Amino acid sequence: MCLHQKRPCECGREEAYIFHRDSILPEEVLVHLYCPQCAVSAPWDERSMVKDGGWILEYDMEAARFYLGQRLGRKDYSPEEIFDQDYCSWYGLTPKDLESSTRLHEELEPLKRTDLKEYIRQIVRRRQEEVLILKGQGWRKAART
Ligand SMILES: [Zn+2]
């Protein structure tokens, strides 16, 4: 099972949907989450942090390596690998991706009932457009798609 949770950032202005692949890492592994506004005053530490789209995720690396080591037999994960391999990352491509994909599905819902084929085409096309935009904005996970 893959868990996701909604998590407020440190300053409380923003929220992100966080995804835990295979539920290997518990949510406490994400010790701090900084939105682009509170990231400015976050003390940067490359040993425990990863940056994406102006946001910063800070992991409890000791705990993360313990759990990953137990399940996967490897203990030298870096913050980037934890993020890029989705062990504790955005749900989707950005902090708000889940919401925007829900909105898209709602928007196209009427079409789904009248023309399923066209609905699927639209979903795929709109998603591709969105991914291109996110790539341009430099989001890590969009860049890998
Ligand atoms: Zn914030």
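Leu-132 has its place in helix α6, which covers residues 116-136. That makes a handy starting point for a walk through this predicted model. Is Leu-132 buried or exposed? Leu-132 counts as exposed because it has 12 C-beta neighbours inside 10 Å, and a residue is called exposed at 12 or fewer. Further along the chain comes Ala-143, 11 residues away from Leu-132, and the C-alpha atoms of these two are separated by 8.7 Å.

**Two domains**

Now step back to the whole protein. The domain assignment gives domain 1 as residues 3-90 and domain 2 as residues 97-144. Between their C-alpha centres lie 25 Å. Where the two touch, six residues come from domain 1 and seven residues from domain 2. What classes of residue does domain 1 bring to the side that touches domain 2? On that side there are three nonpolar residues, one polar residue and two charged residues.

**An open sheet**

Next, look for the strands β3, β5 and β4. In that order, these three strands form an open sheet with antiparallel pairing. The edge strands are β3 and β4, each of which pairs on one side only. On average, neighbouring strands of this sheet are turned by 15° against each other, with direction ignored.

Here are the strands of the sheet with their residue ranges:

| Strand | Residues |
|---|---|
| β3 | 30-34 |
| β4 | 49-52 |
| β5 | 55-59 |

How many bridges join β3 to β5? Four bridges join them, and the two strands run antiparallel.

**The largest nonpolar core**

The largest nonpolar core has 29 residues. Those with the most contacts inside this core are Leu-30, Tyr-34, Leu-57, Tyr-59, Ala-64, Ile-82 and Cys-88. Several elements take part: β2 (15-20), β3, β4, β5, α2 (61-72) and α3 (79-84) each supply at least two residues. Which element gives the most to this core? That is β5, with four residues. The core also draws on both domains, taking at least three residues from each of domain 1 and domain 2.

Leaving aside neighbours within four places in sequence, Ala-64 is in contact with Leu-25, Val-29, Tyr-59, Tyr-77 and Ile-82. Among these partners, Tyr-59 and Ile-82 are also listed with the residues that have the most contacts inside the core.

Technical notes. Residues are numbered from 1 along each chain as its sequence is written. This is a predicted model: local features need pLDDT of at least 70, side-chain atom pairs count only at pLDDT 80 or more; totals for chains, interfaces and linings use all residues. Domain bounds come from an automatic or database domain assignment. Ala, Val, Leu, Ile, Met, Phe, Trp, Tyr, Cys and Pro count as nonpolar, Asp, Glu, Lys and Arg as charged, and the others, Gly among them, as polar. Two strands pair if DSSP finds at least two bridges between them. Axes are lines fitted to C-alpha atoms, for helices over the stretch in contact, and angles run from 0 to 180 degrees between N-to-C directions. A residue is buried if 20 or more other C-beta atoms lie within 10 Å of its own, exposed if 12 or fewer, and partly exposed in between; C-beta atoms are placed from the backbone. A nonpolar core is a set of buried Ala, Val, Leu, Ile, Met, Phe, Trp, Tyr and Cys residues joined through C-beta atoms within 7 Å.
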